Amino acid sequence: MLLTLFGFIVSGGAGAFFYFLPVIQTAFSATGHNDLPAATQPPAGSSPRAAPGSNDPFTVLLLGSDNDAKFSSTSLLTQSMILVRVIPATKQVTMLSIPRDLYVPINGGGTAKIDTAFAYGGARNAIATVQNAFHVHVDHYVWIGLKGLTALIDAVGGVDVVTGNPVLDDFYPADLSGGNPYDYQRVAVLPAAQHLDGIHALEYVRSRHGDLREDFGRSERQQQVLVALRAKTKTLSATNLPDIAAALGNQLTTDMGIGQVADLLPIAGGIPSESIKHVLLLPPYTSGAQVGDQDVVMPNWSLILPLVAQTFPA
């Protein structure tokens, strides 16, 4: 499952994404995947929404998938979904983690865990599902694969975090080592201030078992590592960028064009870490339930929608 977190590049406050994407685009011709649903366009007769890069706020959906040998490239789940709202004028960022097991109407029919929306229709379907469920407008998206996060963190020299939310997992997927992607291994990330390379950072953000808060604990760890990744970019120079682009390979896609990203660069460096707000949909916003043989997270929309509306416009 990964964060995307993955996706995540934008996430640490958006800085890391804005910093790296022009290089990635140059290296691979273009990342532009025009995969936004029609619902993201302004209604007929209304004023067009300002493109990111202006001084107007914008929203990005970050998507992260396991894309190892267990999964077909056409049926990936999004193990991480994070809505990021950037307000350039006030230099504020809000990160809202969406539980992967949230039970919602999926765009195109049926009700299921929200992580299946991507498998049923890619970023377009995931965006439409989030927009319909949360009554928000998504301007852009970023998707990142499982190996992309580890490669990126290694390429920037690792990240520094205080792992106050420790991990001890006897059933961690051993899909990045060995020949059987269905094997498990034991991992432990103990509480301390420490420097994590890509593999250990992935273990920290990906582990789900052994945390009493389960997916909510993982969401908190994911946001923490993204912020640490953003901080690390401040130590890099242009000489690091070719290696970073090569490390990502085909592990990242986005609908943004290079011109839009270039406009965002001045915004990225001006957002301090203390201006990043972290939102988790803990109880009473959600509750655990069982649907058939599945454990799911049921949303309390009467509480969620007013909370979301405070930051994310429809």
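Guide: A salt bridge is a side-chain nitrogen of Lys or Arg within 4 Å of a carboxyl oxygen of Asp or Glu. Please keep in mind that this is a predicted model.

Visitor: How many salt bridges does this rule give?

Guide: The count comes to three salt bridges. The general idea is that side chains of opposite charge can pair when their charged atoms come close. In this structure, D170 and R186 form a salt bridge whose closest N and O atoms are 2.5 Å apart. This pair links distant parts of the chain, with D170 in strand 9 (residues 167-173) and R186 in strand 10 (residues 184-189), 16 residues apart. D170 is partly exposed, because its relative accessible area is 41%, whereas R186, at 58%, is exposed.

Visitor: Which side chain does Q79 join through a polar contact?

Guide: The side chain of Q79 has a polar contact of 2.2 Å with that of R100. Q79 is found in the loop between strand 2 (58-65) and strand 3 (80-87). Q79 counts as buried because its relative accessibility is 6%.

Visitor: How should I read the strands on either side of that loop?

Guide: One asks in which sense the strands pair, and over how many bridges. Strand 2 and strand 3 pair in the antiparallel sense over seven bridges. Within this pairing, L61 has L83 of strand 3 as its bridge partner. Strand 3 is also joined to strand 4 by seven bridges, and these two strands run antiparallel. Here R85 stands opposite T94 in strand 4. The hairpin of strand 3 and strand 4 has four residues between the strands, and K91 in this hairpin takes a positive phi near 55 degrees.

Visitor: Which residues touch the most other members of the largest nonpolar core?

Guide: A nonpolar core is read as a set of buried residues joined through their side chains. The largest one here has 32 residues, and L63, L83, V130 and F134 touch the most other members. At least two residues each come from strand 2, strand 3, strand 4 (92-98), helix 2 (117-134), strand 7 (140-145) and helix 8 (301-309). Helix 2 gives the most, with eight residues. If residues up to four places away in sequence are not counted, V130 touches L61, M81, L83, I98, I114, H135 and V136. There is also a second, separate core of 22 residues, which includes L152, V156, V167 and V225.

Visitor: Where does L303 lie, and is it buried, partly exposed or exposed?

Guide: L303 lies in helix 8. With a relative accessible area of 34%, L303 is partly exposed. Leaving aside neighbours within four places in sequence, L303 is in contact with P284 and Y285. The C-alpha atoms of L303 and T286 are separated by 8.9 Å, and these residues are 17 apart along the chain.

Visitor: What may be said of the chain as a whole?

Guide: The chain has eight helices and 15 strands. Of its 314 residues, 53% are buried. Its accessible surface comes to about 12,800 Å², with 55% belonging to carbon and sulfur atoms. Among contacts between residues at least 6 apart in sequence, 73% join residues at least 24 apart.

Key: Residues numbered from 1 in each chain as written. Predicted model: local features only at pLDDT ≥ 70, side-chain atom pairs only at ≥ 80, totals over all residues. Heavy atoms only, no water. Buried < 20%, exposed > 50% of the residue type's maximum accessible area, 1.4 Å probe, protein only. Polar contact = N/O pair within 3.5 Å; in protein donor to acceptor, adjacent residues only side chain to side chain. Contact = heavy atoms within 4.5 Å. Areas by Shrake-Rupley, 256 points an atom, 1.4 Å probe, with all protein chains shown as cover. Core = buried A, V, L, I, M, F, W, Y, C linked by side-chain atoms within 4.5 Å. Pairing = 2+ DSSP bridges.
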